[in-house]
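Open the structure in your viewer and keep the sequence beside it. The tour below goes from one selection to the next.

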Amino acid sequence: DYEAVAKTALAARPEAWDVAGRDAGLLGKARSVKEDADTQFKAGLHEIAAEGYSKVAQMLEGESYMGERALCLLNRAACFLQTRDFKNVISDCSEVLGADKENVKALVRRGMAYEGVERFWKAADDMRFAMALEFASGGLSPLGGKARDCLERCKRKSPDLRGIPIPVLAPRK
């Protein structure tokens, strides 16, 4: 049941890039490389940005850096979405979801990639769960709107999905 799981999603998550008890030098260098990749992404240089995010993900192997690594994997997935490399979007988002099954960004990006490879049922599952999480946190954000739009497209493309309801959620205030 999506709504039951979604209600547990509001637990506090540790703040990313907080040095407490970790290698400050490594985090500083990783953050600098990430910020450079962010700049490349904003400039539309998605392949170069993906390389930067890959470097940071490699630098931050290990459990104590999973929050920062997840951010980089999600950003790299955004690069891969832009270049239509759906296989790598699915891989990166699945890794993030392995550590945080309620990560709405990962669900939406992976769902969009599933739509891109015409795996409409998997896309619909991710989008419905993302929307349930959004509902549990108080309404539909712009990201939740993307989930709704993707679910609607999947329903149009796959007759088997036409009976799947789309949750009616109010926008966040």
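**Stop one: a helix and its cover**

Select residues 86–99, which form helix α5 with its 14 residues. From the first C-alpha to the last, α5 reaches 20 Å, close to the 20 Å expected at 1.5 Å a residue. The model is a predicted one.

Within α5, now pick out Phe 86, Val 89, Ile 90, Asp 92, Cys 93, Val 96 and Leu 97, which are buried.

**Stop two: a residue in α6**

Stay on helix α6 and select Glu 115. Is Glu 115 buried or exposed? Its relative accessibility is 9%, and buried means under 20%, so Glu 115 counts as buried.

Show the side chain of Lys 157 as well: a polar contact of 3.1 Å joins it to the side chain of Glu 115. Beyond neighbours within four places in sequence, Glu 115 is in contact with Phe 120, Ala 123, Cys 150, Arg 153, Cys 154 and Lys 157.

**Stop three: two packed helices**

Select helix α2, residues 24–42, together with α4. Their axes lie 11 Å apart, and the packing angle is about 20°. Angles under 35 degrees count as roughly parallel, so α2 and α4 are roughly parallel to each other. The crossing of α2 past α4 is left-handed. To see the contact, show Leu 27, Lys 34, Asp 38 and Phe 41 on α2, and Glu 68, Cys 72, Asn 75, Ala 78, Cys 79 and Gln 82 on α4.

Key
Residues are numbered from 1 along each chain as its sequence is written. This is a predicted model: local features need pLDDT of at least 70, side-chain atom pairs count only at pLDDT 80 or more; totals for chains, interfaces and linings use all residues. Side-chain values use heavy atoms; hydrogens and water are left out. Helices (H or I, at least four residues) and strands (E, at least two) are DSSP runs, numbered from the N terminus. The expected span of a helix is 1.5 Å times one less than its number of residues. Buried means under 20% relative accessible area, exposed over 50%, partly exposed in between (1.4 Å probe, protein chains only). A polar contact is a pair of N or O atoms within 3.5 Å; within protein, one must be able to donate a hydrogen and the other to accept it, and residues adjacent in sequence count only if both atoms are side-chain atoms. Contact means heavy atoms within 4.5 Å. Axes are lines fitted to C-alpha atoms, for helices over the stretch in contact, and angles run from 0 to 180 degrees between N-to-C directions. Angles under 35 degrees count as roughly parallel, over 145 as roughly antiparallel, 65 to 115 as roughly perpendicular and the rest as oblique. A crossing is left-handed if the near helix is turned anticlockwise from the far one by less than a right angle, and right-handed if clockwise.
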